[in-house]
Amino acid sequence: AAAAAEKEKSDPDELSDSDELGLGVFGQLAFLCVDDRPPVRKSAGQTLFSTIGQHGRLVTTKAWSGVIWKVLFPMLKDVRDRYESAAVTPVDVKPGILIHHTRDTEQKQWAETLRLTLSGVARVFESR
């Protein structure tokens with residue numbers, strides 16, 4: 001603990017090891033939020049935003065800048081870009097599997113991901 005405190009004092013721009021680890025975990029979850037599989041995106045988003053909500057108070061003020069600028073905003077941009085470039089033709093469905101008409105195209109699936117992502121980011125800002 002003393003070494004971490006000394007490191008913090010010696011270079012105020014450098015993040016602690018725990019902050020670096022947290023940013024890495026958040027970054028990997030954000031990466032999964034743009035996965036091609038809608039259930040993976042949904043689960044990753046739920047995990048990311050609930051983790052930030054539950055443990056965000058442990059993130060230092062310095063690290064919040066990284067969470068916002070290196071994780072949340074790039075993820076929002078990636079989700080929006082995927083939504084804008086998604087196909088509007090019906091997705092191929094295996095026989096016997098039904099898809100609701102609100103999720104029958106890639107664009108509709110990405111629209112739902114975008115909605116969930118915007119909602120999650122808004123909750124982060126609201127709670128912080």
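Predicted model: local features only at pLDDT ≥ 70, side-chain atom pairs only at ≥ 80, totals over all residues.

Trainee: Then why is Arg115 called partly exposed?

Mentor: Its relative accessible area is 46%.

Trainee: What makes the contact between Glu112 and Arg115 a salt bridge?

Mentor: The cut-off is a Lys or Arg side-chain nitrogen within 4 Å of an Asp or Glu carboxyl oxygen. For Glu112 and Arg115 the closest N and O atoms are 2.7 Å apart, so the pair qualifies. Both residues sit in helix H5 (residues 106–127), 3 residues apart, or about one turn of the helix.

Trainee: How many salt bridges does the structure hold?

Mentor: There are 6. Another one brings together the side chains of Arg37 and Asp35, at 2.7 Å from N to O.

Trainee: Why is Asp35 called buried?

Mentor: Asp35 has a relative accessible area of 16%. Buried means under 20%, so the label holds for Asp35.

Trainee: What makes Arg82 and Asp36 a salt bridge?

Mentor: Their side chains meet at 3.2 Å, N to O, and the limit is 4 Å. This pair links distant parts of the chain: Arg82 is in helix H4 (residues 61–85), while Asp36 is in the loop between helix H2 (17–32) and helix H3 (38–55), 46 residues apart.

Trainee: Which of the labels, buried, partly exposed or exposed, goes to Arg82, and which to Asp36?

Mentor: Arg82 has a relative accessible area of 32%, so it is partly exposed. Asp36 comes in at 61%; exposed starts over 50%, so Asp36 is exposed.

Trainee: Let's zoom out. What is the helix and strand make-up of the protein?

Mentor: The protein has 5 helices and 0 strands, and along the sequence the pattern reads α-α-α-α-α. Of its 128 residues, 30% are buried. Among contacts with a separation of 6 or more, 59% are between residues 24 or more positions apart.

Trainee: How do you know that the length of H4 agrees with its residue count?

Mentor: At 1.5 Å a residue, the 25 residues of H4 should span 36 Å, and the end C-alpha atoms are 35 Å apart, so the two agree. H4 does bend, by about 30° at Val67.

Trainee: Why is Met75 counted as buried?

Mentor: Met75 has 2% relative accessibility, and buried means under 20%, so Met75 counts as buried. Beyond its neighbours within four places in sequence, Met75 is in contact with Ala30, Cys33, Leu48, Phe49 and Thr117. Cys33 is 42 residues away along the chain, yet the two C-alpha atoms are separated by 7.5 Å.

Trainee: What makes Trp110 buried?

Mentor: Trp110 is at 6% relative accessibility, so it counts as buried. Leaving out residues up to four places away in sequence, Trp110 touches Cys33, Val34, Asp35, Arg41, Val79, Arg82, Tyr83 and Ala86. Arg41 is 69 residues from Trp110 in sequence and 9.4 Å from it in space, C-alpha to C-alpha.

Trainee: Last one: why is Ser16 called buried?

Mentor: Ser16 is in the loop between helix H1 (2–10) and H2. Its relative accessible area is 15% and the cut-off is under 20%, so Ser16 is buried. The Ser16 side chain also reaches the backbone nitrogen of Asp19 at 3.2 Å.

Methods. Residues numbered from 1 in each chain as written. Heavy atoms only, no water. Buried < 20%, exposed > 50% of the residue type's maximum accessible area, 1.4 Å probe, protein only. Helix = DSSP H or I, 4+ residues; strand = E, 2+ residues; numbered from the N terminus. Contact = heavy atoms within 4.5 Å. Expected span 1.5 Å × (residues − 1). Bend = angle between axes of the 7 residues up to and from the residue. Polar contact = N/O pair within 3.5 Å; in protein donor to acceptor, adjacent residues only side chain to side chain.
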